[in-house]
Amino acid sequence: MTSLLNITQDQYKQKLYARQTQGVLYTYLYRSSLVVAVVSLIVLAMTILNQNFGLVVVQYEIDPATLTDGEPLESLDKNQLGEILQQNAPRRVLVLVRDTLSAVDPSQFTSLSLDQALGNVVFPDGIDATEQTISDLSDDQVLALLVENSTPDEMLAFVNTEVVGVEILKTYAFYESALNRAAIEAETAEKFPEATIQFRSWLNGRFLQNGQSANVNDIGIRTALIGTLWIMLVTILTALPLGVGAAIYLEEYATDNAVNRLIETNIRNLAGVPSIIYGILGLSIFVRALVFITSGSAFSVLGVEANANGRTILSAGMALALLILPVIIINGQEAIRAVPRTIREASYGLGATKWQTISRQVLPAAVPGILTGTILAFSRAIGETAPLIVVGASTVLTTDPNNVFSPFTVIPIQIYNWTSRPQPEYQHIAAAAIIVLLVLLLTLNTLAIILRNRYSKNLS
Amino acid sequence: MNESGAVQPLTPLERGLGQARSKENSALYKRARVGEEIIRAILLFCGVVSIFTTIGIVIVLGRESLLFFGSEAWLPVKQLSVVEGGVTFDLSAFLSTDDTFILTGKLENDVRATLAPNSYLKINDEIVLIVSRVENPEDPTNNGINIQRAQLDTVAAEHPAATTSHPMRERQIKTVAAMTTEDTTITLEEGDGLLFEVDERIQIAPSSEVMRITRVADNSLEVERAVGDIGAANHPADETIHYPKPVSWVEFFTGRQWQPQLGLFGIAPLVNATLMSSLIAMLVAFPLGLGAAIYLSEYASANLRNTLKPILEILAGVPTVVYGYFAIQFMTPLLRGLLGSNTVEIYNVASAGIVMGIMIIPTISSMSEDALHAVPRSLREASYGLGSTRLETTIRVVVPAALSGVLAALIVGVSRAVGETMIVAIAAGARPNFTFNPFVGAETMTGHIARISGGDLSYNSIDYTSIFIIGLTLFVITLILNLVSSWIVRRFREAY
């Protein structure tokens, strides 16, 4: 006390001023940490958009305008596209039939009869599929076969690669394109006099519709998008019942004994295990030990086409299910805990059994909370890459997955593959895929927020 | 039934009805009871699945890790030989038996290529290993190479000036003729047979059958076929012969190199890179995350908090592969621009670590904010009542009161950084590298697992079992961190 009283008023004022200045200074410091976080998010978004839009220098072997008298290729129907193909690249038609429709080894393709050589295809009139081989057909019949079994978009892609021969020579990111347009044009005119400059968004309709391709211009995300949806289906069917069941058990049935405490602690610890460990677990158990089931060979009596190994959608989906199970359980527990005791007691008072109380009173009241937590867990699963690399995603996958025993790839895996390539075009493609992924996640999260806001009031 | 009032004797009819009713009731009750028990059992099973998961992880990682230590890395047999017609150079000074530096003067490009570090040089009968090169373009008179003397069972000797030294090259030993399943003789080039010893095991090509040598000749080996699990097979000519190198515990913990293709399995470079990237991440994430938490909890108005928290949540919801893209597309060029592209390699730990820090900010800020928020108002008001400023209240009262939660947030952040895979796999490089320089590439544990399992992984290979031992190391580290975090919360929690 004496020391306090010994301070003169000036000293006191000085000290107070210093303390207050310090306070203001630190306020700015704290605020700046938030600013850093927000700025990072903005820069992240801008980096992706910058790579998604930009100029590309494109060169055609044949200018598409000369093929169609100025009409854009996109406006033609598939028969017209077939004619263009026939006129300009007659030898490639047979090769395209072999590459896209054939179900057998290329060496047997010309010797087997048509119904054996080609898979499930529609044969145009005038072809005897059981007797004739592909060499017996006339050029027009082969073309008809191709046109009949391809979508207009596929035909357009054939014309683009086989006739027009689109080649991307150089790409620019958005800022460069916007700021240095003149320089880019000058450089292009000098280096690639025959090329044209286009402004493009790498994310476009074709990117969503096309599958994988060796040609940068035709590359698309369809296979990966379908793979993501399939895997999410498996994950949701596995993780949701298990997770909600465990949450109900822990909240409604479990007494405070050693086993239940162990389960509880264990779930908390599992939530902190790195995701790649779940990949290793999936590789060892689902891919290898349970290969009989996950490859589909156990179900081959039912007519299921088995995969060569266990690296399938089923394995990947179950590995992800184990990964998000703790999150679903913890969220489910919180949702169930939030249901007021009075509701349960009213139900018991009316003579309901425990399960009747849970299934007819507690669960319906907890559903919005459980769903919100589940959707958030799934958006985490959709973005996971590491466990799926370990489980064994296919990097090159030409066919879409059609059942749970198909090999798979997902959007994040494609982003990783494209990002790891040295060519700059692939960085643009990765940016487009990232936008698709983020839009998917944003949609799911919005759904979760709407659910939360809509149902959060009606209990209390 | 009427229980109140005077008890009236039941008529026989009533008694019968009552029995029937209670029988019916008890059957119904039993059915309900059984149903309830079945449901309970199903739900218990759901709860127990998570325990199976943990047991599965422990068994899988443990079993394969034990296999890893019992296994052998099959390495190609190599022979050192003088490069014929290669570039040679003369010693410019007398070399005593103790000298470890050879003066070379100005090095021409072709000579420099043959004098690479880690390659051998033959001087008379002695073989020396080149350790490093000293080069100064301005003053070539002091250029030279540091060497290790008397390598590979040779003896250090004195060498007069102007002795010619010959660079040596490693050559893999290959079979000369093809082998059928019946053959027991492997034909080799003249002299190569003497490299082997009787009773040694060899493989022709990796992952093929194991053979035991029964007799050694100058240009051939007699072998016993199919000693291991793999049956005898045909082998084409020109296949490289491999010998086994067992993997040891000691090397795993003490070795400083992780190079499966050389049979070197020291975990240190991978752990070092993981810890370094995590440290960088925490240097970014902890101050920023805690600062953001303090601002949100103590300074921000309710409105501002409601706007800012969703933004942090978005940051937390971005998939890690997107952060990896961000690191390689934005952070790496930024670092290279700021510090110079000579200092910063394209793939480097710093860029991955910083972006990982940004990723972890929301984790730390949201956990810390919860902890700060839980500190009761009365403590703050008492502090204000004593004349403290808001800063003093925050730093001296609120943060210490919430310390357990803040520490737990820190540890959970570290645990996330250690287990993070995609950012480091994309941005931190694909080469295990024992270094403390954050601006060069170094592969982390997770990055290594992702890289080698991304290719075609054979289940018999040592690469396959090695991902399990790395995984086990990772699992143990994160488990300890998680346990410590929950212990801190329990032990240091201030209950109000």
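In strand E7 of chain B, Ile145(B) stands opposite Arg133(B). The pairing to which this couple belongs joins E6(B) and E7(B), residues 144-148, in the antiparallel sense over five bridges; strands count as paired if DSSP finds at least two bridges between them. Helices (H or I, at least four residues) and strands (E, at least two) are DSSP runs, numbered from the N terminus. E6(B) also runs antiparallel to E5(B), with four bridges between them. The strand pairs of chain B are listed below.

A hairpin is formed by E5(B) and E6(B), with two residues between the strands. Asn124(B), in the turn, has a positive phi of about 50 degrees.

The model is predicted: local features need pLDDT of at least 70, side-chain atom pairs count only at pLDDT 80 or more, and totals for chains, interfaces and linings use all residues. Residues are numbered from 1 along each chain as its sequence is written, while chains are lettered from A and ligands numbered from 1 in the order in which they are written. Chain B has a mean pLDDT of 84, and 91% of its residues reach 70 or more; pLDDT is the predictor's confidence in each residue, from 0 to 100. The scores of the model are ipTM 0.84 and pTM 0.81.

Elsewhere in chain B, helices H10 (residues 403-419) and H13 (residues 462-492) pack with their axes 8 Å apart, at an angle of about 170 degrees. Axes are lines fitted to C-alpha atoms, for helices over the stretch in contact, and angles run from 0 to 180 degrees between N-to-C directions. H10(B) and H13(B) are therefore roughly antiparallel to each other, a term for angles over 145 degrees. Among the residues making the contact are Leu407(B) and Ile411(B) of H10(B), and Leu481(B) and Phe492(B) of H13(B). Residues are in contact if their C-beta atoms, placed from the backbone, lie within 7 Å. By class, this contact has 14 nonpolar, seven polar and no charged residues. Ala, Val, Leu, Ile, Met, Phe, Trp, Tyr, Cys and Pro count as nonpolar, Asp, Glu, Lys and Arg as charged, and the others, Gly among them, as polar.

Terms used
Parallel < 35°, antiparallel > 145°, perpendicular 65-115°, else oblique. Contact = placed C-beta atoms within 7 Å.
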